[in-house]
Amino acid sequence: MQAASTHSIWQKDIMYLKKVGPKRAEALWEACRIKTYEDLLHYYPRKYVDRSRVAKITELDGSEPSVSLVGKLTRLELVKTKRGKNRLAGTFTDGSGFLELTWFQGIKWIQQSLKVGEELAIFGKVNRYGGSLQMTHPEIDRLSQNSETRHTGQIVPFYASNEKLSRLGLDSRGFRTLMAQLLQEARNMIAETLNPQLMQEQGLVSRALALQAIHFPQNFGQLRQAKDRLKFEEFFFFELMLALRRMHARVQNQAPPFGQIGEHFHQFFEEHMPFELTGAQKRVLKEIRKDLAQPVQMNRLIQGDVGSGKTMVAFMSMLMAKDNGYQCALMAPTAILATQHYKKLTRMAEKVGMTTTLLVGGQKKKERTQVLESIASGETDIAIGTHALIEDTVQFEKLGLVIVDEQHKFGVKQRARLWSKANPFPHNMVMTATPIPRTLAMTLYGDVDVSVIDELPPGRQPIQTMVHRESKRLEVFGFIRREIEAGRQAYVVYPLVEESEKLDYLAAVKGFELLERHFQPFRVGIVHGKMKPDDKEIEMQRFVKNETQILVSTTVIEVGVDVPNATIMLIENAERFGLSQLHQLRGRVGRGGGKSYCVLMAGKKLSEEGKIRLKAMKESTDGFNLSEIDLKLRGPGDFLGTRQSGLPEFRVANLVDDQEILKRARDAAFDLAEKDPDLSAPEQAAIRRFYVQYARKNGKLGTVA
């Protein structure tokens, strides 16, 4: 959270703070991205150590954790060790007993800086050695020089540092000194960002007190109050940005109202529906129908587990668009997935006389020209494609509904470019089979409506998941062979990690060769990231047609491949995948009527986190439950991926641990946006002043389109 105040001192270069200077300023920028007074103020401690209780030497026996002591230095001298090296030895007393102090490093500087008879506060771990108590390399505060001690005798903050900073005196002790200097110089310039009524309602301390206490808390109660205040503030302004964006979009983003449910929808629903819709599908369609009837752009995220029937919901929405005279566009992240959508939607669309076209990279010029003409003339009702749909050459006659599948695979600008092909705005729907925990969806997509399809269609058997170590490989291979002999097919997936792409590619190729030898006379195919798109497509089609019985792959088959005859998913080094990714992969099987299996092969070195992940996969087939576990294990940044996370940098708040504060902040933000969307009331002056800076800095975050 930035913008401590509008006061100019906060933009002052950190090199001008006393005890910094050019060399330290350069190191602070390189290591911590600290450039201004404001940056330093928001460089929060990574942990706190309670040194507030001062012990007595006579109370100690050497078994205690680190302790604080106050007393005098009575001896300080160089001593030769048995190996001929010097160590510095001192004796310390607090009047109740004596303690030996020892230093092996920094001897010269310590000897010059300490004086016998000087009153000190020391902190460290006490050990019993040779019958006497001893403390090695204690942290020291000179009480005579510094009556306002910052390093002991209180709750002491510790800051992240590194070797280069430490060499310049900017270890945790150095940071404490700088922070005290900063607050002494500028604490009176910390402006409030919330109004008094909101602070009173939420039980929050002032911003100035919170920022003082997060660096130098007087007690742990005050520290908790400081953190609660700063967490609330971080969540509040992010949610306020989403709330105001949502309100302004409803005013500005006019879209054509789909006022009628017509013959195409009714004919398909009554005559050609291949299965009974689930209750969840009906509920989501009702939400979509309500949105589409408004003259305001629908902006809705459809979350649904693998196989929950999102495509059918999308098609029923397309029928509504057709009945009102509008075209639809569906954009998918890969040619394989776009082609699959095209085939599935074409089969359904033909039943009610609707036309579809496919636009992907690599099409021949003549075919591409025909597709573009069909879209531009309005002959195409549903245009399906990859990012090729956003190219300038693609023009629609009357685009009314845009659907983006696996939206997190696209950038914000890519998705928005589809909107520019319509006038007025088209209705917007995004779909994902990657389950996102409710808390995260609520935060990340605060400016869209979220629908969840949380039921699977009847008849889909649960997939049986097994976890095995390398010692069981021959048994696993025997099981796979029996399934293939019964006419089924199998996937074998290898992890792909960018940092070791070459090694992972080699592992997949090596696995392919092993499987070819082991599973003769059956055929084995391979798909990996280094292949050309056309070659991938050829291999995928061979598998679809059962010309190959085993498909070895890196995670390119994670999204969207639909082969009902495939009943086994074997995942190698399964602990290297996130839970959501494992769940996605598992969803590639079980798409037909047969019993299906997912086998997770664990690597030799399995961490505790890896064990938790694989155990969760074995015990649960609920994608949303797994996503909650994944979020707790990995944290929001890793869970979402930094490039597409859509989240600001929360410095204090944590989406996993602070859900109660998040809900309060969200409710307060949306309430304010509804009552005062322009933040023009006099009592909102502080909020408005800070929000302008915040929105300017973070305006591109937290949106799906």
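Helices and strands here are DSSP runs, with helices at least four residues long and strands at least two, numbered from the N terminus. With that in hand, let's work through this predicted model.

**Exercise 1. Find where Pro 424 sits, and say what kind of peptide bond joins Asn 423 and Pro 424.**

Solution. 
- Step 1: Start from the neighbouring elements. Pro 424 is placed in the loop that runs between α14 (412–419) and β15 (427–432).
- Step 2: Now look at the bond. Asn 423 and Pro 424 are joined by a cis peptide bond, with omega about 0 degrees.

**Exercise 2. Decide whether Arg 523 is buried, partly exposed or exposed, and list its contacts beyond four places in sequence.**

Solution. 
- Step 1: Locate the residue. Arg 523 belongs to the loop between α17 (501–518) and β19 (524–527).
- Step 2: Recall the cut-offs: under 20% relative accessible area is buried, and over 50% is exposed.
- Step 3: Apply them. Arg 523 has a relative accessible area of 46%, so Arg 523 is partly exposed.
- Step 4: Check the contacts. Once neighbours within four places in sequence are set aside, Arg 523 touches Glu 547, Thr 548, Gln 549 and Ile 550.

**Exercise 3. Describe the backbone and the exposure of Lys 19 and Asn 546.**

Solution. 
- Step 1: Read phi for Lys 19. The angle is near 80 degrees, a positive value in a residue other than glycine.
- Step 2: Lys 19 is in the segment before α1 (21–32), and its relative accessible area of 46% makes it partly exposed.
- Step 3: Turn to Asn 546. Its phi is positive, about 65 degrees, although Asn 546 is not a glycine.
- Step 4: Asn 546 lies in the loop between α18 and β20 (550–553), and with 31% relative accessibility Asn 546 counts as partly exposed.

**Exercise 4. Work out which element gives the most to the lining of the second largest pocket.**

Solution. 
- Step 1: Note the volume. The second largest pocket holds about 1100 Å³ of space.
- Step 2: Look at the lining. It has 43 residues, and those closest to the pocket centre are Thr 311, Gln 340, Lys 344, Asp 562 and Arg 591.
- Step 3: List the elements giving two or more residues: α11 (310–323), α12 (335–350) and α18 (533–544).
- Step 4: Pick the top contributor. That is α12, with nine residues.

Notes
Residues are numbered from 1 along each chain as its sequence is written. This is a predicted model: local features need pLDDT of at least 70, side-chain atom pairs count only at pLDDT 80 or more; totals for chains, interfaces and linings use all residues. Side-chain values use heavy atoms; hydrogens and water are left out. On a 1 Å grid over the protein atoms alone, a cavity is a set of points where a 1.4 Å probe fits but cannot get out, and a pocket is an open set with protein on both sides within 12 Å along at least five of seven lines; lining residues have an atom within 4 Å of a point. Grid points are joined across faces, edges and corners, and a volume is the space filled by probe spheres set on the points. Buried means under 20% relative accessible area, exposed over 50%, partly exposed in between (1.4 Å probe, protein chains only). Contact means heavy atoms within 4.5 Å.
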